[in-house]
Amino acid sequence: MPASPDVLILGGGVIGLTSAYFLARAGASVHVYDRGDLGREASWAGAGIVPPGRPDRAATPADRLRGIGSVRFPELSAELLCLTGIDNGYRRCGALEFLSPDDTDVVDMWRAEGIAFERLTMAEARALEPLGTVEGEPYLLPGCAQVRNPWHLRALITACERAGVTLRPGEGADGWEFTDARVTGVRLSSGVVARAGNFLLATGAWSKPLLLPLGHTPHVYPVRGQIAAVRGAAGSRVLMLGKRYIVPRGDGLTLIGSTEEPEAGFENRTTPEGIGGLVAFAQDVLQFANGPTVEASWSGLRPGSPDGLPYLGPVPGADRVFIAAGHFRAGVQLSVGTAQVVAELLTGQPACVDLRPFALDRRPGANAKTAFRS
């Protein structure tokens with residue numbers, strides 16, 4: 001029988017690992033289990049955009065989570081580097097976001113939150129970045145940052161190990177053990193039953209089999225996203241255009257993303273149509289002289305939810321079981337705020353964010369409006 005930790009986390013992506021690290025720093029003993037390799041699903045595949053934010057002035061709880069990440073990412077990145085020697089690639093690069101005339105409420109939210117921005121003419125935007133054909137009104141966001149997802153995950157894994165977290169890749173959960181209708185353990189794929197003081201479900205798009213036995217209709221589903229990494233002329237700032245983006249890494253590599261394919265289910269692969277569309281998009285926006293050269297392409301399965309918000313907090317009717325899943329396109333940018341909330345909840349502190357919009361048993365309405373779309 002494995003030792004019984006204070007917290008057992010199911011899921012070793014950016015949400016599970018960041019939560020494990022924060023809990024360990026708070027003095028909790030933590031075990032993390034993942035059916036596959038740690039951090040190699042949606043967390044690894046993303047582009048690592050960290051939008052600006054002001055948690056003290058955020059209009060919504062989701063924007064407060066984002067703001068916590070924006071404020072704390074520089075400190076966390078420096079801490080990870082000091083502890084592990086691994087650079088996670090965090091840098092404040094700035095961004096240009098192109099908004100349609102219907103998005104004036106987004107600008108109002110930026111203004112209310114105190115986010116620095118500047119409305120540009122297209123000529124001014126082209127003076128900053130090598131733009132070709134771009135639709136929308138350009139806004140400069142100097143506070144936008146980025147991390148390199150694979151580097152950040154490697155740093156988190158090493159930091160967890162050095163903080164005393166027990167990591168169990170290749171061992172997932174097959175179900176719960178109940179005693180008198182109470183969760184008393186989790187049945188691992190190895191056949192062992194693991195017990196803990198508390199359980200955190202951070203299994204992303206794979207949460208359905210573990211939610212159903214707890215009496216909850218699953219609301220988390222996979223949304224495939226494809227990304228292409230290209231070489232060629234590019235600027236220095238992130239470009240955000242609706243659901244698509246261009247992220248220059250600063251070393252000649254530029255990420256072009258992303259498709260949004262809920263119809264793909266759990267089929268995690270790239271397609272000629274998906275990657276071809278991204279390359280054509282990059283050519284239109286950046287006007288590569290000889291066309292972008294694709295260095296690599298990949299896909300990930302984001303954990304979607306009906307209103308775009310994650311599920312975060314206690315699982316109703318399941319004592320000592322908590323959830324942090326369904327972060328959709330915002331796993332990295334919400335990971336620090338989510339981990340702060342998890343650490344607060346599981347160490348008996350009041351949560352820094354109103355958790356009602358993230359409740360597992362909420363009735364989702366229309367997609368929640370936040371200050372940033374991805």
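Student: Which residue stands opposite arginine 231 in strand 16?

Tutor: Leucine 253 is the one in strand 16 that faces arginine 231. Before going on, note that this is a predicted model, where local features need pLDDT of at least 70, side-chain atom pairs count only at pLDDT 80 or more, and totals for chains, interfaces and linings use all residues. Residues are numbered from 1 along each chain as its sequence is written, and side-chain values use heavy atoms, with hydrogens and water left out.

Now the setting. Strands here are DSSP runs of E with at least two residues, helices are runs of H or I with at least four, and both are numbered from the N terminus. Strand 13 (residues 221-231) and strand 16 (residues 253-257) run antiparallel to each other, with five bridges between them; two strands count as paired if DSSP finds at least two bridges. They belong to an open sheet of eight strands with mixed pairing, in the order 5-6-4-14-15-16-13-17. At the edges are strand 5 (118-119) and strand 17 (293-304), each with a single partner strand, so one side of each has no neighbour in the sheet.

Move along that order to strand 14 (residues 238-241). Val238 and Met240 point one way from it, Leu239 and Leu241 point the other way, and all are buried. Buried means under 20% relative accessible area, exposed means over 50%, and partly exposed is in between, using a 1.4 Å probe and protein chains only. On one hand, strand 14 runs parallel to strand 4 (residues 95-99), with four bridges joining them, and leucine 96 sits opposite leucine 239 there. On the other, three bridges link strand 14 to strand 15 (residues 244-248) in the antiparallel sense, with arginine 244 as the bridge partner of leucine 241. The hairpin made by strand 14 and strand 15 has two residues between the strands, and glycine 242 in it takes a positive phi near 65 degrees.

Helix 4 (residues 104-113) packs on it, touching strand 4 and strand 6 (137-141), and the helix direction makes about 140 degrees with that of strand 4. For such angles, axes are lines fitted to C-alpha atoms, for helices over the stretch in contact, and the angle between N-to-C directions runs from 0 to 180 degrees. Helix 8 (residues 272-286) lies across strand 13, strand 14, strand 15, strand 16 and strand 17, at about 50 degrees to strand 13.

The C-alpha atoms of glycine 53 and tyrosine 221 are 27 Å apart in space, with 168 residues separating them in sequence. Glycine 53 is in the loop between strand 3 (49-50) and helix 3, and it is buried at 11% relative accessible area. Leaving out residues up to four places away in sequence, glycine 53 touches Arg66, Gly67, Ser70, Val71, Glu113 and Ile115, where contact means heavy atoms within 4.5 Å.

An open sheet of six strands has the order 8-2-1-12-19-18 and mixed pairing. Strand 8 (166-169) and strand 18 (311-314) form its edges, each pairing on one side only, and the twist averages 15 degrees from one strand to the next. Strand 18 and strand 19 run antiparallel through four bridges, and proline 314 stands opposite phenylalanine 322 in strand 19.

On to the core. The largest nonpolar core has 50 residues, and Ile9 and Leu23 have the most contacts inside it. Such a core is a set of buried Ala, Val, Leu, Ile, Met, Phe, Trp, Tyr and Cys residues joined through side-chain atoms within 4.5 Å. Among the elements that each supply at least two of its residues are strand 1 (7-10), helix 1 (14-25), strand 19 (321-325) and helix 9 (331-346). Beyond neighbours within four places in sequence, the contacts of isoleucine 9 include Leu23, Val30, Val32, Leu200 and Ala202.

Helix 9 itself is mostly covered, with 15 of its 16 residues buried. It bends by about 30 degrees at glycine 337, the bend being the angle between axes fitted to the seven residues ending there and the seven starting there. After helix 9 comes glycine 348, with a positive phi near 80 degrees.
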